[in-house]
Amino acid sequence: MSEFKKVDRCYHCGVVLQTSNKDEKGYINKETVEKYPNGLLLCNECYSKARTNTLPTLNQIYDNDFKKIIDVVKRKNALVVYVVDVFSFEGSFVKELNEALEGIDILAIANKADLLPSNTDLEHVKKYVEHVFKKSNLKVLDCCLVSSNTGLNIEEMYEKLKELSKGRDVYFIGAIDSGKSAVIKEFLKLYKNNTNHLITLYTFKDTTLRGYKIPIGNKQYIFETPGLYVSNSILDKIDKASQNKIIPTKEIKVVKKTISKNNMLMLGGLCVIQLLSEEKTQFLTYINNEVTVNKTISGRFSSLEYKFRKGLCVPISKTIKSELDLDMFDITIDETGSRDLGILGLGWVSFIGNNQKLRIIVPKGTFIFNIRSKIDHVNK
């Protein structure tokens, strides 16, 4: 399986680090790289100017309070409705959460299906979602594609929920941006309370977490859990105005671009995909319509590039001021067939795998992934 290799760069000046030539830019002692493989490294030139090296603080994603909720779910043998955003759920899976949910009955819900192109084979997408869940060792009983925006398949979801729960309590779980609360709100439009109980705001035992408790039987409830915060989405790395530009609210239109060796595909001013190998490659972009897609020759992806291309690249985030605010990754595509190269929170590009070597540049800390395509376009 192909893997992303992060390109080591100087934490101070941003130059690509190398250990072979002392007279070239970016030189660093090989011993230093081997001693601190996970450290924030400085090239020798910068190190001589500033002898400091600090590590960033990681955000807490899956806390002890939420673990207590999962423990209750296990004790009650409840059904979990796991809501994901069909555009970015691959990276929003929290490893610790998925490990805790192993063995628990799950109904997988992929929200925002209305944003996919109208000619999308939704059955293929559904199988893809099931594949990703099962690959994470989760016990998926069924899967449903829905839209909290249009109400698509919400009634089907409710019927599956009643069938699979078999009188058990049901817990809705999902990341903050998955649209979990919106799905429940849409479901409540169809909801009829035939019980002796009211919908209440509920504080989970021994925690500070709160959510809605919805009766669906005299002894059966739906519990809405708080949304999980995922810190490695591009949404967490850019300003509010740019966030509004990249979050889709209507059906996306696919843009096709073919690039040659050393050409770059620029997704707004937020992501660059550079082809380092010989084979021409056609990319299909699945991102919000307001994000520009440009093909350009190779060059430095810097604040200077933004200034020259202002008006062509949309959006351009105020949080990206220089190369120091960017991460760079290299990947060789070992797999064949339809592949997705995804940027968590932004969307993805599809292409046919053919041993390409790609370089991807994104805001620092953004999660990227390579996986089989949600929407198969091998024969299209």
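Predicted model: local features only at pLDDT ≥ 70, side-chain atom pairs only at ≥ 80, totals over all residues.
Reader: What makes the span of α3 close to the expected one?

Author: Helix α3, residues 64-76, has 13 residues and reaches 19 Å from its first C-alpha to its last, which is set against the 18 Å expected at 1.5 Å a residue, and the two values are close.

Reader: Why are the buried residues of α3 said to line one face of the helix?

Author: Buried means under 20% relative accessible area, and D65, F66, I69, I70 and V73 are buried in α3. Seen down the axis of α3, these buried residues fall within an arc of 145°, so they line one face of the helix. An α-helix has 3.6 residues a turn, so residues three or four places apart point the same way. On the other side of α3, N64 and R75 are exposed, a word that requires over 50%.

Reader: Which elements do the buried residues of α3 pack against?

Author: They pack against β2 (79-85), α5 (95-101) and β5 (170-174).

Reader: What makes β4 and β6 edge strands?

Author: The sheet is open, with 7 strands in the order β4-β3-β2-β5-β8-β7-β6 and mixed pairing; β4 (139-145) and β6 (200-203) each pair on one side only, and are therefore its edge strands.

Reader: How do you know that β3 and β4 pair?

Author: Pairing needs at least two bridges, and 6 bridges join β3 (residues 105-111) to β4, so the two strands, which run parallel, count as paired. Within this pairing, A108 stands opposite C143 in β4.

Conventions: Residues numbered from 1 in each chain as written. Heavy atoms only, no water. Helix = DSSP H or I, 4+ residues; strand = E, 2+ residues; numbered from the N terminus. Expected span 1.5 Å × (residues − 1). Buried < 20%, exposed > 50% of the residue type's maximum accessible area, 1.4 Å probe, protein only. Arc of directions from axis to C-beta. Contact = heavy atoms within 4.5 Å.
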